[in-house]
Amino acid sequence: MTSAKVALITGSTSGIGLGIAKKLASQGHNIILNGFGDPSDILKIQTSLAKEFGIEVRYSNADISMPEQIEKMVRDVETEFGAIDIIVNNAGIQFVSPIEDFPIEKWNAILAINLSGSFHTIHCALPKMKEKGWGRIINIASAHALVASPFKSAYVAAKHGIAGLTKTVALETATFGITMNAICPGYVWTPLVQKQIPDTAKARGLTEEQVIKDVLLAAQPSKKFVTIEEVAALANYLISDDAASITGAIIPIDGGWTAQ
Ligand code: NAD
């Protein structure tokens, strides 16, 4: 097990990010939560993790589409803890539409949150990480970093961009004790997936049940959703000392989707 570290997980008030925060908390790491949601629900997560695992848990409401808010979040953590040891760039949104109808503000928001946000956290936090000579950066990309699906132009473009960013930063940090990898989940049953079902049904002229069976799970040979716990366990492995030589990897966890 890696000794206790400081881990920032963006978008950790829900879904995969929350699952990763819980897993890393259970390993004794101090956690910086981030994301949107009901303040009283977020406070409950914060206090229950701190109490259950005897760790420090902080929360930042930084909007990951806003570079200056990311910088403030990183500087606040550095002021309190010295450096961020682990960054999990997970915040993300989705929008489903044929490209000719794709709202420009949705394109800009998806690129800002799903791609540029990762650039900004790394840009701000890397100098202190390099000074410490140890770091782990994980981008939660997607099977859509490797293959495309129709009607998801912004998401697929952002996730393919994340794969390029991952490889580039891995090369720049390889001699500093820092690794940078991308986890590429297939479909995981979270609010992000649940919310896209009505629009996908509309774009493809299907019922919502058909979308689940014939679009989402049809992509995955396993015919099962990937679980949040499986993604969190992979993230936990990537931050371990055993994974010190894994860097620049784009790792699918998708029930065989991208093997096809
Ligand atoms: P989710 O909707 O459950 O969680 C998204 C999180 O991001 C929430 O905490 C939300 O508050 C936060 N967020 C959204 N916009 C933000 C912003 N501007 N600033 C800060 N936080 C913001 O979704 P999820 O399915 O858990 O997705 C998490 C990541 O996993 C995303 O990057 C997504 O693309 C990726 N992913 C999800 C799936 C899936 O099937 N669910 C598959 C592959 C990849």
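Which helices each supply at least two residues of the lining of the second largest cavity? Select α6 (191-204) and α7 (208-216): these are the two. Helices here are DSSP runs of H or I, at least four residues, and strands are runs of E, at least two, numbered from the N terminus.

Before you go on, note that this is a predicted model, where local features need pLDDT of at least 70, side-chain atom pairs count only at pLDDT 80 or more, and totals for chains, interfaces and linings use all residues. Residues are numbered from 1 along each chain as its sequence is written, and side-chain values use heavy atoms, leaving out hydrogens and water.

**Stop 1: the second largest cavity.** Show S149, P150, K152, Y187, T200, R204, V215 and L216, which line it. The space is about 40 Å³. A cavity is a set of points on a 1 Å grid over the protein atoms alone where a 1.4 Å probe fits but cannot get out, and lining residues have an atom within 4 Å of a point. Volume means the space filled by probe spheres set on the points, which are joined across faces, edges and corners.

**Stop 2: the largest cavity.** Its volume is about 70 Å³. Pick N89, N90, A91, I113 and S118, the closest to its centre among 14 lining residues. Helix α4 gives the largest share, five residues.

**Stop 3: the largest pocket.** A pocket is an open set with protein on both sides within 12 Å along at least five of seven lines. This one has a volume of about 950 Å³. Now select A91, G92, I93, Q94 and L192, the closest to its centre of the 44 lining residues.
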